[in-house]
Amino acid sequence: MSPEPNGSISLTIDGQAVQAPNGSTILEAARLAGETIPTICFHEYCTANALCRICVVEVEGARVLAPACVARVTEGMAVQTRSPRVERSRKTILEMLDSSVDLSQAPEIQGYLQDYAADRERFPEAERRDVPVLDDNPMYIRDYAKCILCWRCVQVCADDAQFTYALNFGGRGYETQIATFFDQPMPATTCVFCGQCVGVCPTGALKPKREWLLESGLTPDEIQEVTRSERRKRRRT
């Protein structure tokens with residue numbers, strides 16, 4: 001029997017019987033049951049796109065692992081959130097991320113690396129993302145050596161919040177990174193410097209300018225002088 005459109009779904013998660021609203025994702029159902037599924041690209045206020053695949057779970061009878069943030073529950077579904085296959089997949093994803101991206105300012109991901117006993121030397125010959133910091137505006141910097149392409153910043157800049165569309169993907173394959181259209185400096189784009197992209201970044205790839213300057217060793221007085229000089233320069237141009 002199919003559930004009513006506004007009814008509930010009966011399923012099991014890690015052997016536990018769960019009732020979830022019809023239309024719920026596996027991630028939502030697991031949270032109702034008190035089960036924790038790790039996420040990276042997922043954010044409560046952004047559209048889920050299942051880009052990072054760290055939230056994959058094993059669904060009985062399914063050929064491939066399912067991304068819990070977008071996969072919907074169905075009647076009688078049986079889900080395992082920490083099967084050996086699931087844990088192996090998550091661990092490999094974390095090891096690949098750590099081999100190519102600077103995760104030093106991503107505490108949540110650092111916690112996952114510990115939880116899954118990730119081998120941080122597994123891919124010693126991996127090519128690191130090594131791009132210069134983009135400092136082209138007075139409000140924040142873009143350090144794409146720390147970017148994991150989670151798409152949160154693009155989403156909040158677009159239909160999920162701001163409707164500004166200043167950010168998008170640029171490049172192809174391994175060269176893909178977050179960019180502006182035609183690689184314009186941020187002040188030349190439609191950016192309104194609302195800061196929402198900075199707020200949802202999980203890795204420090206987007207960071208307030210003054211915070212970055214403090215971390216670079218400048219004193220508050222030096223930062224004030226630097227930012228004042230930048231404002232004067234921009235007014236003259």
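**Getting to know this predicted model**

Of the 237 residues in the chain of this predicted model, 43% are buried.

User: Hi! How many helices and strands does the chain have?

Analyst: Welcome! The C-alpha atoms of this predicted model fill a box of roughly 70 × 45 × 35 Å along the principal axes. Within the chain, the count comes to seven helices and nine strands.

User: Which strands are the edge strands of the five-stranded open sheet?

Analyst: Let's start with the order, which runs β2-β1-β5-β3-β4 with mixed pairing. An edge strand here pairs on one side only.

User: What is the bridge partner of Glu58 in β5?

Analyst: Strand β3 covers residues 56–59, and strand β5 covers residues 78–80. These two strands pair in the antiparallel sense over two bridges. In β5, the partner of Glu58 is Gln80.

User: Which helix packs on the sheet, touching β3 and β5?

Analyst: Its direction makes about 160° with that of β3. The helix spans residues 84–100, and its name is α2.

User: Which residues lie nearest the centre of the largest pocket?

Analyst: This pocket has a volume of about 410 Å³. Its lining is made up of twelve nonpolar, two polar and one charged residues. Of the 15 lining residues, those nearest the centre are Leu97, Ser100, Val101, Ile148 and Leu149.

User: Why does Asp130 count as exposed?

Analyst: Asp130 is found in the loop between α3 (107–115) and β6 (140–142). The cut-off for exposed is over 50% relative accessible area. Asp130 counts as exposed because its relative accessibility is 71%.

User: How far is the C-alpha atom of Asp130 separated from that of Phe163?

Analyst: Along the chain, Asp130 and Phe163 are 33 residues apart.

User: Where is Ala117, and what is its phi near?

Analyst: Ala117 is found in the loop between α3 and β6. With a relative accessibility of 53%, Ala117 counts as exposed. Its phi is positive, in a residue other than glycine, and the value is near 50°.

User: Is Trp151 buried, partly exposed or exposed?

Analyst: Trp151 sits in the loop between β6 and α4 (152–157). Its phi is near 80°, a positive value in a residue other than glycine. Buried would need under 20% relative accessible area, and exposed over 50%. Trp151 has 26%, so the answer is partly exposed.

Definitions and conventions: Residues are numbered from 1 along each chain as its sequence is written. This is a predicted model: local features need pLDDT of at least 70, side-chain atom pairs count only at pLDDT 80 or more; totals for chains, interfaces and linings use all residues. Side-chain values use heavy atoms; hydrogens and water are left out. Helices (H or I, at least four residues) and strands (E, at least two) are DSSP runs, numbered from the N terminus. Buried means under 20% relative accessible area, exposed over 50%, partly exposed in between (1.4 Å probe, protein chains only). On a 1 Å grid over the protein atoms alone, a cavity is a set of points where a 1.4 Å probe fits but cannot get out, and a pocket is an open set with protein on both sides within 12 Å along at least five of seven lines; lining residues have an atom within 4 Å of a point. Grid points are joined across faces, edges and corners, and a volume is the space filled by probe spheres set on the points. Ala, Val, Leu, Ile, Met, Phe, Trp, Tyr, Cys and Pro count as nonpolar, Asp, Glu, Lys and Arg as charged, and the others, Gly among them, as polar. Two strands pair if DSSP finds at least two bridges between them. Contact means heavy atoms within 4.5 Å. Axes are lines fitted to C-alpha atoms, for helices over the stretch in contact, and angles run from 0 to 180 degrees between N-to-C directions.
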